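Visitor: Hello! I am new to this structure and would like a close look at one part of it. Could you walk me through it slowly?

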Amino acid sequence: MTFKKNTTKRSVWFIDLDDTLHDAANGTLKNIDLAMTSAIENLLRIDKKKADFIRKKYWIKYGATVVGLNKLHNVQIPEFLNLTHSPEILSDLIQCANGFSSRVKCLKGKKWLITNSPEKYALLVLRHLKLNKCFEKVVSVEKMRGPGGLKPKPLLFQWQRLVRLAGVPAEQITVVDDCLRNLKTAKLLGCKTVWAQCFDKTHNVSQKQMYSPLFVDKKIKNLSALLRV
């Protein structure tokens, strides 16, 4: 598929973290998933199989496992995030390529990190990637609040809130994310959408190779391609 060059001014970038800026699926997310399952086992006093089922179910339903645990089991958000996103998980974070940080910094316009991960973890990853001074704002899951509690991506409410905070029309915002659910709701507001396929995920290979949904404006295989968006 070919894409026509878009001349619309893009003054703000909303960029995802895990599996967009680094290969989380093959590193940190494995450790986080294990830590979440273990924490759910202990907090809810259930077996590992049921805990793993709950972890996946709440992620699919709410966008973040911690939201379901807070809503349905009164698990405290800071407690769960501290248990599951410790600094030790960064030991498996792969090194970025040479010149990686400079390419991201070359993107024209304001850059916001928008992640369903907790702030402490996000900041640690950014420092590891040498991008800690690159983003004007870091919007982590703790900051994605709304009526009734946390409202993380992909909820339309959160994208509406972020567009208001950015103070520019949605058409001037480019959302870069590896998750199609997030891009789909962002597109409903008129944001430009970039599907980041910089890191392979075995569960999604066939989907990546076959098509780009209509709500995706651009598909990229590496972050250098963002300079041509």
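Visitor: Which residue does the side chain of Ser 140 join in a polar contact of 2.7 Å?

Guide: Welcome! The partner is Glu 142: its side chain and that of Ser 140 are joined by a polar contact of 2.7 Å. Please keep in mind that you are looking at a predicted model.

Let us start with where Ser 140 sits. Ser 140 belongs to the loop between strand E3 (137-139) and strand E4 (145-146). Its relative accessibility is 0%, so Ser 140 counts as buried, the cut-off being under 20%. Setting aside residues up to four places away in sequence, Ser 140 touches Thr 115, Ser 117, Pro 118 and Glu 119. There is also Pro 152, which is 12 residues from Ser 140 along the chain, with 8.8 Å between the two C-alpha atoms.

One of the residues that Ser 140 touches, Ser 117, deserves a stop of its own. You can find Ser 117 in the loop between strand E2 (110-114) and helix H6 (119-128). Ser 117 counts as buried because its relative accessibility is 7%. Beyond its neighbours within four places in sequence, Ser 117 is in contact with Asp 18, Ser 140, Val 141 and Glu 142. With Asp 18, the side chain of Ser 117 makes a polar contact of 3.0 Å.

Next comes Asp 19, in the loop between strand E1 (12-15) and helix H1 (28-44). Asp 19 is not a glycine, yet it has a positive phi of about 65°. With 4% relative accessibility, Asp 19 counts as buried. Asn 74 also has a positive phi without being a glycine, in its case about 60°. Asn 74 is in the loop between helix H3 (65-73) and helix H4 (77-84), and its relative accessible area of 59% makes it exposed.

The peptide bond leading from Lys 153 to Pro 154 is cis, with omega near 10°.

Now let us step back to the sheet. Six strands make up an open sheet with parallel pairing, in the order E3-E2-E1-E6-E7-E8. At its edges are E3 and strand E8 (218-220), each of which pairs on one side only. From one strand to the next, the twist averages 20°. Within this sheet, strand E6 (residues 173-177) and strand E7 (residues 192-196) run parallel and are joined by four bridges. Val 175 stands opposite Thr 193 in E7. Helix H8 (residues 180-188) packs on the sheet, where it touches E6 and E7, and its direction makes about 175° with that of E7.

Finally, here is the whole protein. Its secondary structure comes to nine helices and eight strands. Of its 229 residues, 49% are buried, Ser 140 being one of them. Among contacts with a separation of 6 or more, 63% are between residues 24 or more positions apart. The protein exposes about 11900 Å², and carbon and sulfur atoms supply 53% of that area.

Methods:
Residues numbered from 1 in each chain as written. Predicted model: local features only at pLDDT ≥ 70, side-chain atom pairs only at ≥ 80, totals over all residues. Heavy atoms only, no water. Helix = DSSP H or I, 4+ residues; strand = E, 2+ residues; numbered from the N terminus. Buried < 20%, exposed > 50% of the residue type's maximum accessible area, 1.4 Å probe, protein only. Polar contact = N/O pair within 3.5 Å; in protein donor to acceptor, adjacent residues only side chain to side chain. Contact = heavy atoms within 4.5 Å. Areas by Shrake-Rupley, 256 points an atom, 1.4 Å probe, with all protein chains shown as cover. Pairing = 2+ DSSP bridges. Axes fitted to C-alpha atoms, helices over the stretch in contact; angles between N-to-C directions.
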